[in-house]
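Reader: I would like to learn to read this model. Shall we go through it in short steps?

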Amino acid sequence: MARVSLAVLAALLLLVDPCHARPEPEPEPEPTEDESFGTTLVDGIGVIYNFGDSLSDTGNLLLEGDASGMLNYTTSLPYGSSIGEVTGRCSDGFLMIDFLATDLDLPCLDPYLEAAPRTARELYETGYFARGANFAVAGATALDAAALARRGVVVPHTRSSLAVQLQWFKDLMISTNEGRPNTTMKDIRETLSYSLVVLGEIGGNDYNYAFATSLKPAQAGGGGGRRHNNFGRRAVSKAMALVPDVVRAITNTARELLDMGATRLVIPGNLPLGCVPIYLSAANEKDPKAYDANGCLVGLNTFAQVHNAELQKGIKELRALYPAAKIAYADYFGAYVQMLRNASKMGFDKGSVTRACCGTGGGKHNVDLDRMCGSPGATVCATPDRYISWDGVHLTQRAYRVMTDLIYHEGFASPAPIEFPPRASRTGRSSWDTVSWNACL
């Protein structure tokens with residue numbers, strides 16, 4: 001396979017220009033009443049359906065019982081320590097999908113696999129999933145394991161790929177559709193007319209696993225034994241070859257959802273991989289020129305931007321095919337970089353923005369790829385709210401709160417998928433409040 005140089009990646013970015021000017025947030029309307037729900041709906045949204053991986057899994061991997069490898073400790077303390085309960089969320093507390101739900105005055109989403117032992121009639125009688133469902137699974141990929149295996153990429157965790165999650169969604173809609181057995185397609189379209197569908201983030205693990213297959217085993221003393229030059233050659237080439245298929249898997253899933261009647265869809269891009277502590281630790285790059293002004297690896301961030309640019313091209317095509325639907329691109333990359341640049345203003349410790357709160361690695365990033373957060377000897381920082389990274393891979397609860405505000409309230413999703421009613425500005429640290437656990441029951 002031909003090597004992919006950073007110059008080529010940069011050229012691709014210039015062609016598609018993903019870093020366009022961000023529009024100002026639109027004025028926010030008053031909430032509206034909806035008699036069918038007996039409550040006030042924010043911008044007409046009464047239901048949320050979510051697909052994705054560990055950035056939004058609220059318990060499916062825990063219910064699968066398949067937590068292993070790097071995810072081995074995510075289903076036990078100290079995960080969930082900030083809310084006093086282990087839920088299967090890969091953080092110290094709540095996630096973006098939780099904050100989004102509560103911002104919409106909706107309950108946090110139950111993981112779909114909680115429905116496994118229940119019949120359609122039981123779901124109807126209990127009202128399970130009446131306000132939505134979460135199909136995301138930690139470790140999930142956009143492509144299935146067989147497709148990745150054909151490309152020499154091993155999936156070490158769940159087999160609940162995006163295609164599996166889409167089938168779960170179809171099964172749920174067909175069997176119950178808000179608790180109504182014998183559902184027709186008309187019923188499904190009606191439900192989706194007042195639903196928000198969040199499709200991702202997904203695809204990041206496809207690339208993570210591709211990078212992992214090209215890394216040498218860590219040398220004694222922690223993650224510093226894995227070298228960045230592997231990222232720049234074999235791994236980048238292998239991951240780059242996946243981009244068209246990963247993007248196609250996402251946009252094809254979006255098409256199916258839109259064909260079923262979805263009218264409002266949010267499709268997030270990838271995070272800036274070069275800013276994530278686990279990659280920074282694995283790289284252990286000594287050349288200052290390899291880093292940008294935020295302390296992130298330029299090469300990996302360029303790769304992430306190529307994925308995001310291709311995804312935005314796919315979204316543009318979807319908008320042309322489905323002009324009546326609102327299809328928003330959520331700029332996770334830009335929002336994350338915004339946190340780095342304004343860390344102190346947002347309440348984070350500027351000196352710890354690329355350091356994991358929970359870990360065993362010590363040093364600059366506190367990450368050891370072979371002994372992750374929760375493993376014997378791991379320590380947890382005293383103030384997780386001052387950290388962006390929880391375990392070197394996933395974010396802290398506070399960082400997820402900030403990301404939610406940036407994406408849904410500060411213009412990092414375009415076009416704005418939700419028009420929120422007026423509320424107090426969230427520009428200060430004190431405004432990023434914590435959701436109580438009762439709000440997520």
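**Contacts, packing and cores**

Author: Leaving aside neighbours within four places in sequence, Thr253 is in contact (heavy atoms within 4.5 Å) with Leu162, Leu166 and Leu199. This is a predicted model: local features need pLDDT of at least 70, side-chain atom pairs count only at pLDDT 80 or more, and totals for chains, interfaces and linings use all residues. Residues are numbered from 1 along each chain as its sequence is written, and side-chain values use heavy atoms, without hydrogens and water.

Reader: Is Thr253 buried or exposed?

Author: Buried means under 20% relative accessible area, exposed over 50%, and partly exposed in between (1.4 Å probe, protein chains only). Thr253 has a relative accessible area of 6%. Therefore Thr253 is buried.

Reader: Which helix holds Thr253?

Author: Helices are DSSP runs (H or I, at least four residues), numbered from the N terminus. One such run covers residues 228-260, and Thr253 is found in it. That is helix H9.

Reader: Which residues have the most contacts inside the largest nonpolar core?

Author: A nonpolar core is a set of buried Ala, Val, Leu, Ile, Met, Phe, Trp, Tyr and Cys residues joined through side-chain atoms within 4.5 Å. The largest one has 81 residues. Its largest share, 14 residues, comes from H9. The residues with the most contacts inside this core are Tyr49, Phe169, Phe211 and Ile267.

Reader: Which residues does the second, separate core include?

Author: This core has 45 residues. Among them are Ile83, Ala335, Phe348 and Tyr408.

Key
Helix = DSSP H or I, 4+ residues; strand = E, 2+ residues; numbered from the N terminus.
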